[in-house]
Structures are given as C-alpha cells and as structure tokens.
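These are my notebook entries from a first look through the structure below. I took the entries topic by topic.

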Amino acid sequence: MARRAQIGRPSCRAPRGLKPGKRYQWDAETQGWILGSFFYGYIITQIPGGYIASKVGGKLLLGFGILGTAIFTLFTPIAADFGVGALIVLRALEGLGEGVTFPAMHAMWSSWAPPLERSKLLSISYAGIVGIIWFILWIFLVSETPETHKTISRHEKEYILSSLKNQLSSQKSVPWIPMLKSLPLWAIVVAHFSYNWTFYTLLTLLPTYMKEILRFNVQENGLLSALPYFGCWLCMILSGQAADNLRAKWNYSTICVRRVFSLIGMIGPAVFLVAAGFIGCDYSLAVAFLTISTTLGGFCSSGFSINHLDIAPSYAGILLGITNTFATIPGMVGPVIAKSLTPDNTIREWQTVFCIAAAINVFGAIFFSLFAKGEVQNWALDDRHGHRN
C-alpha cells in the first residue's frame, strides 16, 4: 500500500537511494523571480511582433525569433553559474525572441490555412520544434504566401486562395478601435489568460512539486516526468484532426467546436489539478492526475487558441499579440505568487495553489463560452459584412 502523508505535513517521505543533484543557494522568492523572468522579455514583443508580421510577413520574424531563443537557451547553465542576475537577464532575452513567434505564426497561417483545415494545421505547428535545425529548414523551404511558393501545385494554391478570398481584408491601416472594442476578442483574452495561469503554474513549478512534495526524483524518472507534456502534445495533434472533422464532415458550427474544445481543455484540467492536490503522497496517482490534467489542456489548441483566425484572419497575428500579452502576465506573477503561498512546501499549501489555478481556469472557460464568436467580424472585412466558416 502506498504511503500517504498527513495533510499539512511538510512533504512525503523520501524514497531510499536517491542522490540530490546540483543545488543553488536561492530562496523561494528568488526562484519565483527566476522562473518568471522569461516573461519580462516575452511580454514586450507580443503586439509589436504581430504588427510587424502583418506588415512585412512572418517568415524571417518567426525564424530569427526561434533561432535567438534556441541559442540563448544553450547558455542557460553557464548563466546560472554566474549568478541570479545573469540568469534573469538571459531568460529575459530568451523571452524577447520567443515573444514574436506565435504572433508571426498566426500571421502566416492567415495566408496559408483554409478555414476547414485550421485546427489540424495550427495544432501541428503548436506541437513542438527543434530550434536551430528547424531554422535552417525554415529559411530555405518556407514562403510567406502561397503566391510566392516555388513548388506548390496550381491546384493547391487555387484551393487555398479561393477558401480565403471572402475572409481577408486589404485595408492598409489596422482598425485598432473596433478591434479593441470587440467582445469576442476579449473572450479570447480572458480564456487565454486563465488557461495560461494553470499552464505556467505546472510548467514552472511541477518539477518542484514532484520533488518537494511527492519526493519524486525527476532526473532518475525522466520518462514519467515527461508524460504530462507528451500527453498534451498528442492531444493537440488528435484534437486538431477531430475539430476539423466535426466542422467539415459533421457540419458543426465553428463556434460550437471552439466552445466545446475550450470547455474540455480548461475545466477538465481544473478538475484533475485539484484532485492531484488531495491524494496525499501516492505519487503514481498524482503523476496520473497531473498527466491527465496537462493532456486535456491540449484541446484548447483547437478551442480559443485558434479563434483569432476565426474572427479576424487578416489581423490574427496582432490579435494573438494582444491576447498573449495579457496571457503572459500569469507567467510573470504566477510563479512568484505560488512560491509565496508555499514557503514550507506542505501539501495544504500546494492545495491552495492548485485550487486558485483551477478556479481561474473554470472562470475563463465560462466567459469564453458566453461571449466568443466563430465568424469573421465586420471590422475585419472590407465589405463590412461577416462570413461564416
């Protein structure tokens, strides 16, 4: 029978034979600032990245953003040995490069993704890449638009362009005021912010929870430690296929699919995240619950995450920049708040962290379901009348 710790005790009993890895003399508050420092740079380049991509294209912007992040990441161990200040600066620089990637990606998909194939295409692009190798292939093989691609077939190019002709705008200026007044945009903002609160809580603090509470050696159990993120990756791929099939073959409306996938991808993780905090020290069950929680989050890639392209494909990069600016705040303050709430690393303290994240997630899912839209908005079109997709 698995050992369980009493609620409120510092942690579970450590298994025998585990050797501690290299430790830095950083208190909980310092760790929180280090974990959040990436987002100091990341938040700066969101909206500028989307705007630049909408004006000059996203190919080079996305390519060099990924390359810069990959190169800076290689120097992380060296910066950590230099000290806290060097590590914070390096992570902020990583954030500057990474901040342009998603806005640039959305800007490019607005020219490449037919409406009924958006979910699977974007979910594949979200699923992961190898930075430096990817950059070389990206520069030589990718084109800004179907018109400039050298090897695309005529049939495929005509299909893409014809599917997008009633959705894209040729306006030279960005309709900032109508855009910022759009309730469907703010529905995405709230959902994105809420989802990222839970996502970044797990991303930055899951290793700490596994080590300090579950006494789970992440170095010696790398496969189990990676399970939550493998599950999310797999769910993103499969949910993208499912979302497009529901729209193309079963004739479900765009907004119906976005709502359902967002509800599954936000309320599901909230339930299992809270459950993980109330099972004591059964680390096998805890890993299972955390894996399920993170896996279900993959549904959001075909929910609110892609909704930018549904409501304003011509300005999808800018919209992503706006929503991701707000959604970066949890990455900046979430780790600091979580660390301040867990000074003694007790199970009860972590229950509070998980419950707060879950409540925010549920609120975001409900808000998005109430106010999101699935068709191109009037302000995003030249002819001022929307088209369902």
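I call a residue buried under 20% relative accessible area, exposed over 50%, and partly exposed in between, with a 1.4 Å probe and protein chains only. By that rule I noted Cys-355 as partly exposed, because its relative accessibility is 33%.

Before going on, I recorded that this is a predicted model, in which local features need pLDDT of at least 70 and side-chain atom pairs count only at pLDDT 80 or more, while totals for chains, interfaces and linings use all residues. Residues are numbered from 1 along each chain as its sequence is written, and side-chain values use heavy atoms, with hydrogens and water left out.

Entry: the whole chain.
I looked up the secondary structure and found 17 helices and zero strands. Helices (H or I, at least four residues) and strands (E, at least two) are DSSP runs numbered from the N terminus. Of the 389 residues in the chain, 51% are buried. The accessible surface is about 18,000 Å², and carbon and sulfur atoms hold 66% of it; the areas come from the Shrake-Rupley method with a 1.4 Å probe, and for residues only the protein chains shown count as cover. Among contacts with a separation of 6 or more, 83% join residues 24 or more positions apart. Contact here means heavy atoms within 4.5 Å.

Entry: helix H16.
I checked the length of H16, residues 316–341. Its 26 residues should span 38 Å at 1.5 Å a residue, and the end C-alpha atoms are 37 Å apart, which agrees. The expected span is 1.5 Å times one less than the number of residues. H16 bends by about 35° at Val-333, with Pro-335 following within four residues. The bend is the angle between axes fitted to the seven residues ending at a residue and the seven starting there.

Entry: Ile-43.
I found Ile-43 in the loop between helix H1 (28–42) and helix H2 (46–56). Ile-43 is partly exposed, at 22% relative accessible area. Which residues does Ile-43 contact, leaving aside its neighbours within four places in sequence? They are Thr-325, Thr-328, Ile-329 and Met-332. Ile-43 and Ile-329 are 286 residues apart along the chain, yet their C-alpha atoms are separated by 7.8 Å.

Entry: aromatic rings.
I counted 23 aromatic pairs. Rings of Phe, Tyr and Trp (its six-membered ring) pair if their centres lie within 6.5 Å; planes under 30 degrees apart are stacked, over 60 edge-to-face, and the rest tilted. Tyr-195 and Phe-199 are stacked, because their ring centres are 6.0 Å apart and their planes are at 15°. Both sit in helix H11 (residues 183–212), four residues apart, so about one helical turn separates them. Tyr-195 is buried at 14%, whereas Phe-199 is partly exposed at 26%. Ring pairs link these two into a cluster whose other members include Phe-38, Tyr-42 and Phe-368.

Entry: two asparagines.
Most residues other than glycine have a negative phi. Asn-251 has a positive phi of about 60°, and lies in the loop between helix H12 (222–248) and helix H13 (254–277). Asn-345 has a positive phi of about 55°, and lies in the loop between H16 and helix H17 (347–371). Asn-251 is exposed at 66%, whereas Asn-345 is buried at 18%.

Entry: cysteines.
I searched for disulfides, meaning pairs of cysteine sulfur atoms within 2.5 Å, and found zero. For Cys-235, the nearest cysteine sulfur is that of Cys-232, 6.8 Å away. Cys-235 is buried, at 9% relative accessibility.
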